[in-house]
Amino acid sequence: MFVGVDETGKLCGTAFTEFQEKYTEHPDSHIVFKGYEVIEFYKVCEAAKKLHGQIPQLGIVHWDLTLDNKGNVIVIEANTYDSSIWLPQMAVGKGAFGDNTAEILQWISK
C-alpha cells in the first residue's frame, strides 16, 4: 500500500495497492489518510537529498524512508533499477516532477 505526501508532510486522501485497490483509511489502524501529518517530514526530505548527494550519477532514485518512534530517519531501501514513474504520480495525483517537469525531462534527455 502506498499513499502520497504533499510538500508540507500531509498525506493525500487515497492510498493504493499494486492491485489497484483504494483505501481512504488504513485497514488495520483505521487512521484516515487525508490530512494526516507526518511529523518532522522535513527530516525525510533532507535525508533523501543528502543520500542522493552521495550517488548523483544515478540520476533518479526512488528512496524508501521512514521515521522511527524517536524521529530518526531510517533508510529502508534505494530503488535504483527498473523503477516506475507511475507509482509516485498515482500516489499524489500529478506529474512526478510538478513545475520542474520540463527542466528535468531536458536534463534526462542529455
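**Questions on a predicted model**

Colleague: Let's start with Leu11: does Leu11 count as buried or exposed?
Modeller: The cut-offs are under 20% relative accessible area for buried and over 50% for exposed, with partly exposed in between (1.4 Å probe, protein chains only). At 13% relative accessibility, Leu11 counts as buried.

Colleague: Thanks! What kind of model is this?
Modeller: Residues are numbered from 1 along each chain as its sequence is written, and side-chain values use heavy atoms, with hydrogens and water left out.

Colleague: Which element has the highest confidence in the protein?
Modeller: The mean pLDDT of the protein is 89, and 99% of its residues reach 70 or more. Helices (H or I, at least four residues) and strands (E, at least two) are DSSP runs, numbered from the N terminus. Confidence is lowest in helix 2 (residues 86–92), with a mean of 78, and highest, at 96, in strand 3 (residues 22–23).

Colleague: Back to Leu11: how far in space is Leu11 from Lys34, C-alpha to C-alpha?
Modeller: Leu11 sits in strand 2 (residues 11–16). Beyond four places in sequence, Leu11 touches (heavy atoms within 4.5 Å) several residues, including Val3, Val5, Phe33, Lys34 and Val38. Leu11 and Lys34 are 23 residues apart in sequence, while their C-alpha distance in space is 5.5 Å.

Colleague: Which strands do the buried residues of helix 1 pack against?
Modeller: Helix 1 (residues 41–54) has 14 residues and reaches 21 Å from first C-alpha to last, close to the 20 Å expected at 1.5 Å a residue, where the expected span is 1.5 Å times one less than the number of residues. Its buried residues are Phe41, Val44, Ala47 and Ala48. They cover an arc (taken from the directions from the helix axis to the C-beta atoms) of only 115° around the axis, so they are on the same side of helix 1. The buried residues of helix 1 pack against strand 1 (2–5), strand 4 (62–67) and strand 5 (73–79).

Colleague: And which exposed residues does the face turned away from that buried side carry?
Modeller: An α-helix has 3.6 residues a turn, so residues three or four places apart point the same way. On helix 1, the face turned away from the buried side carries the exposed residues Tyr42, Lys49 and Lys50.

Colleague: How many aromatic pairs are there, and which residues form them?
Modeller: Rings of Phe, Tyr and Trp (its six-membered ring) pair if their centres lie within 6.5 Å; planes under 30 degrees apart count as stacked, over 60 as edge-to-face and the rest as tilted. The ring centres are 5.9 Å apart and the planes at 35°, so the pair is tilted. One partner lies in strand 1 and the other in strand 2, so the pair ties together parts that are 14 residues apart in sequence. The structure holds 1 aromatic pair, formed by Phe2 and Phe16.

Colleague: Last one: how many disulfides does the structure hold?
Modeller: A disulfide is a pair of cysteine sulfur atoms within 2.5 Å. The sulfur of Cys12 is 13 Å from the closest cysteine sulfur, in Cys45, which is too far for a bond. Cys45 is partly exposed, with a relative accessible area of 29%. The number of disulfides in the structure is 0.

Key:
Predicted model: local features only at pLDDT ≥ 70, side-chain atom pairs only at ≥ 80, totals over all residues. pLDDT = per-residue confidence, 0-100.
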